[in-house]
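Please read the account below alongside the sequence and the coordinates.

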Amino acid sequence: MTQKPFFLLGMGAQKCGTSWLAQQLKHHPSFLISPIKELHYWDRRFHPEFFRPQKLAQKIRKLANNDLDELATDPLLERFLMERHEAFYLSFFESRLKDRHRAFGEFSPSYCILLEEELRYIQEFMPYPTKALFSMRDPVARLWSQCKMEQLKASNRNQPYDALHMFKTAAEDPHFYARSDYVTTVRNMDAAFAPEDRHYVFFEELFSQESIDEILGFLGLETRAFDFKDNPNEGLSIARPSPEDWQRVAELFLPIYDFVQNRFGRLPKGWSPPK
């Protein structure tokens, strides 16, 4: 490679369109996306108390018992090795890089909890120019979408879950609040990355060619049309929380609305701060 490609750290937030964006970038000939949808390497590395163990060893043993040939080519094995040494995180990408790739990276929404010093560590560790992208969404709408997703996952496991009850209480849970704490995430990114190496987008504005062109330009990639018909859906169809409950949760997020207004000079269309 004549010029080192950029490494992109996709930081989330959850339910803010990063899965769609990663899927679209997968089809760009000059971008290499992680073959594992969400690696969750750096969040588990720095915040093991925040995330449950993945039980990768048990999964590896199961694969080994079923088909050794399949195990040898399964990225899950590489994920297991990453937990033993960070060098395997780098080799995970470098073994797949081609001369045509001008950028590569991964999206793990929970990277939004990474601290400034952790973001700086990643830049120092990667032997490639490193950039970060963070997508935000109206915090109340994002929380409701997350609650519906959690109910769908619980339903698939035949476990009880009440999305409406969780919506009413989740903002007071630090684990849930952290997913919408754009104040902390943006401040950490601003401190750790130079202006040209950080990019912010809003979910409500993501699905437009103008927004995509800005992202591709940020990554040094040629313009390419994305499939906007393939927008992420909202999952379960559940009656929305009452206006009173929605407003009460919005009041808990007032500092976030105020911060976004001041930091970016506006609130995106579709954001609904408390009245």
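**Overall make-up**

The protein exposes about 13900 Å², and carbon and sulfur atoms supply 51% of that area; accessible areas come from the Shrake-Rupley method with a 1.4 Å probe, and for residues only the protein chains shown count as cover. This is a predicted model, in which local features need pLDDT of at least 70 and side-chain atom pairs count only at pLDDT 80 or more, while totals for chains, interfaces and linings use all residues. Residues are numbered from 1 along each chain as its sequence is written, and side-chain values use heavy atoms, with hydrogens and water left out.

The protein has 15 helices and five strands. These are DSSP runs numbered from the N terminus, with helices being H or I of at least four residues and strands E of at least two. Of its 275 residues, 48% count as buried, where buried means under 20% relative accessible area, exposed means over 50%, and partly exposed lies in between (1.4 Å probe, protein chains only). Among the contacts with a separation of 6 or more, 77% are between residues 24 or more positions apart; contact means heavy atoms within 4.5 Å.

**The sheet**

The five strands form an open sheet in the order β2-β3-β1-β4-β5, with parallel pairing. Its edge strands are β2 (31–33) and β5 (198–202), each of which pairs on one side only. From one strand to the next, the twist averages 20 degrees. Two strands are taken to pair if DSSP finds at least two bridges between them.

Strand β1 (residues 6–10) pairs with strand β3 (residues 103–107) in the parallel sense over five bridges. Four bridges join β1 to strand β4 (residues 130–136), and these two also run parallel. F7 illustrates both pairings: F7 stands opposite F104 in β3, and its bridge partner in β4 is T130. β1 is mostly covered, with four of its five residues buried.

Further along the sheet, β4 and β5 run parallel and are joined by five bridges. Here M136 stands opposite F202 in β5. In a regular strand the side chains alternate between the two faces of the sheet. Both faces of β5 are covered: R198, Y200 and F202 are buried on one side, and H199 and V201 on the other.

Helix α6 (residues 87–94) lies across β1, β2 and β3, and runs at about 125 degrees to β3. Axes are lines fitted to C-alpha atoms, for helices over the stretch in contact, and angles run from 0 to 180 degrees between N-to-C directions.

S34 is found in the loop between β2 and α2 (41–46). Is this residue buried or exposed? S34 is buried, because its relative accessible area is 7%. Leaving out residues up to four places away in sequence, S34 touches L39, F92, F93, G105 and E106. S34 and F93 are 59 residues apart in sequence, but their C-alpha atoms are 7.3 Å apart in space. A polar atom of the S34 side chain lies 2.8 Å from the backbone oxygen of I36.

The 18 residues of α8 should span 26 Å at 1.5 Å a residue, and the end C-alpha atoms are 26 Å apart, which agrees. The expected span is 1.5 Å times one less than the number of residues. D138 caps the N-terminal end of α8, with a side-chain oxygen 3.1 Å from the backbone nitrogen of V140. After α8 comes N158, whose phi is positive, near 60 degrees.

The buried residues of α8 include P139, V140, L143, W144 and C147. Their cover includes α9 (163–170), α10 (174–180), α11 (182–192), α14 (243–252) and α15 (254–264).

Q146 is found in this helix, which comprises residues 139–156. Q146 counts as buried because its relative accessibility is 4%. A polar contact of 2.7 Å joins the side chains of Q146 and R142. Such a contact is a pair of N or O atoms within 3.5 Å; within protein, one must be able to donate a hydrogen and the other to accept it, and residues adjacent in sequence count only if both atoms are side-chain atoms. An α-helix has 3.6 residues a turn, so residues three or four places apart point the same way. Beyond its neighbours within four places in sequence, Q146 is in contact with Q14, K15, F176 and R179.
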